[in-house]
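Here are my notes for you to read beside the model. Take the points in order and find each residue on screen as you go.

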Amino acid sequence: MAASDQHRSRRHDESSSRPNKKKKVSRNPETNLLFNLNSCSKSKDLSAALALYDAAITSSEVRLSQQHFQTLLYLCSASITDISLQYLAIDRGFEIFDRMVSSGISPNEASVTSVARLAAAKGNGDYAFKVVKEFVSVGGVSIPRLRTYAPALLCFCEKLEAEKGYEVEEHMEAAGIALEEAEISALLKVSAATGRENKVYRYLHKLREYVGCVSEETLKIIEEWFCGEKAGEVGDNGIGSDVGMLREAVLNNGGGWHGHGWVGEGKWTVKKGNVSSTGRCLSCSEQLACVDTNEVETQKFVDSLVALAMDRKTKMNSCETNVVFSEFQDWLEKHGDYEAIVDGANIGLYQQNFVDGSFSLSQLESVMKELYRESGNNKWPLILLHKRRVKTLLENPTHRNLVEEWISNGVLYATPPGSNDDWYWLYAAAKLKCLLVTNDEMRDHIFELLGSTFFQKWKERHQVRYTFVKGNLKLEMPSPFSVVIQESEKGSWHFPVSCENNEESSRTWMCISRQSILDSPKSNGKIP
């Protein structure tokens, strides 16, 4: 054998005798058990998982941890839908949970949820709620969620134990947990079934606030209530005669609801139909509202904008910057009679990213003229544009006359150096409760303000988008009505039904109404 061959052979023998560093280290008993339990969980094999558990508790080598118990409890709770496994899953699940607690292991949210589901499947809503309350009272890193409370809530509602269901809801509210359609529908159903008309009214508004469009299942519950004898017996206790109060409440709430209770007398008329493209109910001819944010929400929004704008300015440079935003606030108080605010830079720079592209004043002028034409009061909108941009436009002889005209007429405000145009036009639109013309998605502002849900609702009501196709302007105005549950000052209700394609022309609405004071020619001697 050649020397080189002998050397290679020797190296091979030496390497084969050395342990392989990449070889997997054998798992300890606890890790091995968790791996096997997770495999059972994925395959939904409850029997195999219980066999592993039984072997583990008789072994002195395995120490069960929170993860072991959590996996077992989850698999038990997931098996309750299988009739052949339901009793086994419930009995063994409680046994496993008892051992977990007696072993001194604190259950986390996932484990508590599983046990609550097991208790609810057994019809024991009291126990399902008890384990949640005990979990909350202890506190810790893990916190309860909607799914933690839902088993107890739904169990109580199913058994028509209304007061207990309300208690769970109160506990959830204290924990800052919002209800979803399934839970609200359950509370609505038990309230209707037990004749609690005030609670029915409350949960209809919960649906309006948190759900918007309802499912067919929820719609059936609503229809059964209004068609029932109890609903027809519920009077308005004189509320309906105070037309002014109801109208003011609707206005303060942003439209679409008053929240003061049942209005009208006698049986309800329930119809299913459609709504026109303009928001006219084709069943009762009532005009649906374009629902805006309410007075309190809007003021919080405005205050947040002021605080954030000033905070940003302070961080950017000097204390002078706070003064200039205050100046704009004062100016807007004196001149704030606008129906629309225009994001000048967004419009002027639209589609100007070509070689010779620049600021298009003609695009901005087109938007101004169209908004003036659209205004029923012949009012010009207000343009917000940076002072540097205004100066450049004034230096251009072609643009000077138009810009000077806008300034003299008070429809152009130049934002100062070092400031962000966004804060000015967003503040102005929110403060004046008017339209905002911009294609800006405003994503930077959403999470800093009052939360994405509120801001999205505000944008839907106030933002006007635009396009220019071959120089022709098209404004995309907000919808003339909102696709949400609505309660009118006449006491009627309109419920939009969820649909797969969200095609408004084919969406079903349920229209519910009855005799109202506003249906009479006079109200307290006055024509309403």
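1. Start with D343: at 4% relative accessibility, D343 counts as buried, where buried means under 20% relative accessible area, exposed over 50%, and partly exposed in between (1.4 Å probe, protein chains only). D343 lies in strand β2 (residues 340-343); strands (E, at least two residues) and helices (H or I, at least four) are DSSP runs, numbered from the N terminus.

2. A word on the source: this is a predicted model, in which local features need pLDDT of at least 70 and side-chain atom pairs count only at pLDDT 80 or more, while totals for chains, interfaces and linings use all residues. Residues are numbered from 1 along each chain as its sequence is written, and side-chain values use heavy atoms, with hydrogens and water left out.

3. Which residues does D343 touch, leaving aside its neighbours within four places in sequence? D343 is in contact (heavy atoms within 4.5 Å) with L384, W425, V437, T438 and D440.

4. The UniProt annotation "binding site" covers D343 together with D421; such positions are given in the numbering used here, feature names are shortened, and annotations may be inferred rather than shown by experiment. Although the two are spread over 79 residues of sequence, they cluster in space, with a largest C-alpha distance of 8.0 Å.

5. Now look at D421, which is placed in helix α21 (residues 421-432). D421 counts as buried, at 12% relative accessibility. Apart from neighbours within four places in sequence, its contacts are A345, L385, H386 and T415.

6. Next, the aromatic rings. Rings of Phe, Tyr and Trp (its six-membered ring) pair if their centres lie within 6.5 Å; planes under 30 degrees apart count as stacked, over 60 as edge-to-face and the rest as tilted. By this rule there are 27 aromatic pairs. F94 and Y127 form an edge-to-face pair, 5.5 Å centre to centre with 80° between the planes. This pair links distant parts of the chain, with F94 in helix α5 (residues 83-102) and Y127 in helix α7 (residues 125-138), 33 residues apart. F94 is buried at 15% relative accessibility, whereas Y127 is partly exposed at 21%.

7. Y201 and W493 have ring centres 5.9 Å apart and planes at 85°, so this pair is edge-to-face. Because Y201 lies in helix α11 (residues 197-210) and W493 in strand β9 (residues 493-496), the pair ties together parts that are 292 residues apart in sequence. Both Y201 and W493 are buried.
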